[in-house]
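Here are my notes on the model, as numbered points. Have the viewer open while you go through them.

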Amino acid sequence: MDKFVQVYSGGELVKGPKGVEFGDLSQEGIWFEAAPTYGELIDAVCKRLGLDPATHSIRAQGRTNVGGGAHRHFIMVPINDDMSWSNYVKAVFNGTDWNCLEVYVQAEKRSSAEAVSSEVELMDSEPPDVQRQDAPPPDPAQGASLFNPSMVNTFAPTVHSLRARLRKPRTNTRTYAAKGGAEVQFGQYHTGASEPVDTTIYPLIGLYDEDHRARALVSGKNLTELNPRNREPLRFDKRYECYLRAAGLIGLANISRAGLPSIDRALVSALVDRWRPETHTFHMPCGELTITLQDVAMILGLPIAGRAVTSNQTESHSELYQRYLGKMPPSDKTRHGLKVAWVRAEFNNCPEDADEETVKQHARAYILSLVGGLLFPDASGDRYNAYPFPLIADLENIGSYSWGSATLAYLYRAMCDACRRQSDQGNLTGCLLLLQLWSWERFPIGRPDMVKLKYPNVEELEDERDRPAVGLRWVVGVCTYRSAPARCYEHFTNEFDLLTDDQVVWSPYREERVEKLQLAPICTQDSHLWLTQAPLVFFFMVEVYTPERVMRQFGLHQECPPPYRDTSMELHWCRRGRVHNDWADKHKSFVDMWEVKEQLVIKEERPYNPANYMDYLRWYRRSTRIRLCTPRISTGNQAGPSGPSAIADPEDSLRASRLRYTPRAHLIHAVTDKLTILAKEASAQKGCSRGECNAFIELVTRTCVELVGELGGSSLCDIAATVPCSLTASTVASEPEVEHQRDNEDGINDPMLPDQETEPGPDSERRTRSQVGHTQVDDTVHTNSPPGKRKRGRPGPR
């Protein structure tokens, strides 16, 4: 069926109960002699619809099913090149039970000036790091970026996006509903121009969602923590220092020598739940965040500049072990890698009278344990990853490789795999030391309290390369760990659901702080590469690096929405396979892109703008899932204040709270949603009639009663005493109306009230939540009843 494509056009998409639907669009079936390429598809569409490619540009989107079994749910994914088309076809035929290629196309007529412009002129108007798909790769000797069609498929923006930069700039950013229910938003680009962005075709939750842990949590499934895989390195010896400095690994070795912190599996599991393979970012309530090359360099002190970590292997690993370790490991043809137990038994202690060659052999084994146990841990847990050994063996040139980018690629891939594991024995690999220290630097959740910092005296160091990296402060400082609830995993999930903008340390590497810590030069020497868009490479792994999505972490302007770059399902499917694969040749195009990484750096000088970031948040919160918590203990309040929660035995809730941790995020979100509705309704009451005003007062009263009931307030009976019988009696009946109203509100997931004209300050969300506490409720419910009104007793059963 990959030779048949059903094409829809001539209207707008609609949203139905099962996701995106085509409605009454005109449809055309197109047969091909062989599976078509993207170019063949567009040519056939233009021919079938009678369009001239010289005067029209085509935007294509593919519909795919992300639901499971009979529960179908359709989304649209953009198709703009061969890579995205290939990924879409594979997703349809390999990922779902809906095996039909359905493409929705929109034809946009080009302006007369644009239609007559040549391809050369269009190329001149594009940024230097972007070229058309059909353009030949330039000569790298001439100083231009080295591209080929396969590279552009994955990383280049679409021509449609580039054309939008030439349009007339707009003075404001606004959202409106387009025909057919599709929501369109205008976002700012580098030149200040605006482009209408249809949020239904730019989903941040895509083809990976069917088995994602976040989706399971939202559906109420109880997941267990992931099982972290990492290994303690061998015993350090002073004689290894010269090799570690040359390799750029002395910062990591110093952290390891000081005593590695234990990995908090609950914390890293809660973080992985929010990792999205579609964007390579963590989706938090306050926006996207990710681990960047800046974090790798600052926290671990790893080099970023250098060659991609891959090799053209000509010798077998057995021959390399014998030559560079002087010993042959036990034969095991069934599994790849060196046994941890064997390496530890043979190389854990370097003899005092060892000659230079023996010291080198032990130094290689130590670096292998450092790299294979911490940076690239094997999923088995009892073996060291053998892939880096050919590079480690050459102690003279080990420092010429970009170990920082390879570490980030390995961690990205590990989280992309782990976020879709729901079994009780799911493993989590990657550099978990980096993941945990990154979380401690940025979030208060699970972070130990730093009582006293005990950095080494850098003035006494003979070599400035031995100065510490940022990560060292968490292992040499005196830290006290906070006591957490018995169910830490649920606790951390709940806390991330409630994470606010002001709780995040967006810029932990400020210049004054870096100077105070007196860091090693390697932490900042590659700062010019932190914003490169070159792919990250580690042998069989190639991962897309997307700093443009998290520009606030660098203190820079954030585009709204960020330019879309496909993280490539095809690359995610690339596995280790047979160990003799020549990955340097297989991934040559991506390795070549890394070699010209300096030419792919984002050129952005505008500083972070809070108002612009609020525009980004409005778009972001409508495009992804930011709430994972579901109720664990029913509060019995869904139908109003007269439910059992008002008269329940307090011992029951106390006993339940002792049994397990009770997440409260879902409750706070519900209160926030209802207060948001009331705030919007209140703003619309200006100049209303007396009857409309009275009706709104009744709505506010009912909502307040519901909120107190949901919060489990002890003053529910006192509130009921001040509410007319007609109001409380109608609460249950009016609940569906309130729910219907809440479903129709725009931006209901945004506790920062996106429709407000004034921009909230950093503490706005915290103040909103504090206003629903029991203190304020008690202040409003103890007012005296009107004269002659009979006090009501405790509400009866429903």
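1. Helices α10 (residues 265-272) and α19 (residues 488-497) have axes that come within 8 Å and cross at roughly 40 degrees, so the two are oblique to each other. For the naming, helices (H or I, at least four residues) and strands (E, at least two) are DSSP runs, numbered from the N terminus. Axes here are lines fitted to C-alpha atoms, for helices over the stretch in contact, and angles run from 0 to 180 degrees between N-to-C directions. Angles under 35 degrees count as roughly parallel, over 145 as roughly antiparallel, 65 to 115 as roughly perpendicular, and the rest as oblique.

2. A quick word on provenance: this is a predicted model, where local features need pLDDT of at least 70 and side-chain atom pairs count only at pLDDT 80 or more, while totals for chains, interfaces and linings use all residues. Residues are numbered from 1 along each chain as its sequence is written, and side-chain values use heavy atoms, with hydrogens and water left out.

3. On the α10 side the contact (heavy atoms within 4.5 Å) uses A266, L267, S269, A270 and L271, and on the α19 side C488, Y489, F492, T493 and F496. By class that gives eight nonpolar, two polar and no charged residues. The classes: Ala, Val, Leu, Ile, Met, Phe, Trp, Tyr, Cys and Pro are nonpolar, Asp, Glu, Lys and Arg charged, and the others, Gly among them, polar.

4. Next, α11 (residues 293-300) and α17 (residues 432-442): their axes come within 10 Å and cross at roughly 95 degrees, so they are roughly perpendicular to each other. D295, V296, I299 and L300 of α11 meet L433, L434, L437, W438 and R442 of α17. This contact has seven nonpolar, no polar and two charged residues.

5. α9 (residues 250-258) packs with α14 (residues 356-375) at about 80 degrees, with the axes 11 Å apart; these two are therefore roughly perpendicular as well. From α9 the contact takes L252, A253 and S256, and from α14 Y366, L370, L374 and L375.

6. Two strands pair if DSSP finds at least two bridges between them. Two bridges join β12 to β13 (residues 281-284), and W275 stands opposite F282 in β13.

7. What does R276 form a salt bridge with? The partner is D209, with the closest N and O atoms 3.3 Å apart. R276 sits in β12 and D209 in the loop between β10 (194-198) and α7 (213-218), 67 residues apart, linking distant parts of the chain. The structure holds 27 salt bridges (a side-chain nitrogen of Lys or Arg within 4 Å of a carboxyl oxygen of Asp or Glu).

8. Two backbone spots to check. H280, in the loop between β12 and β13, has a positive phi of about 60 degrees although it is not a glycine. C560 and P561 are joined by a cis peptide bond, with omega about -10 degrees; P561 lies in the loop between β21 (541-543) and α21 (569-572). For context, most residues other than glycine have a negative phi, and most peptide bonds are trans.
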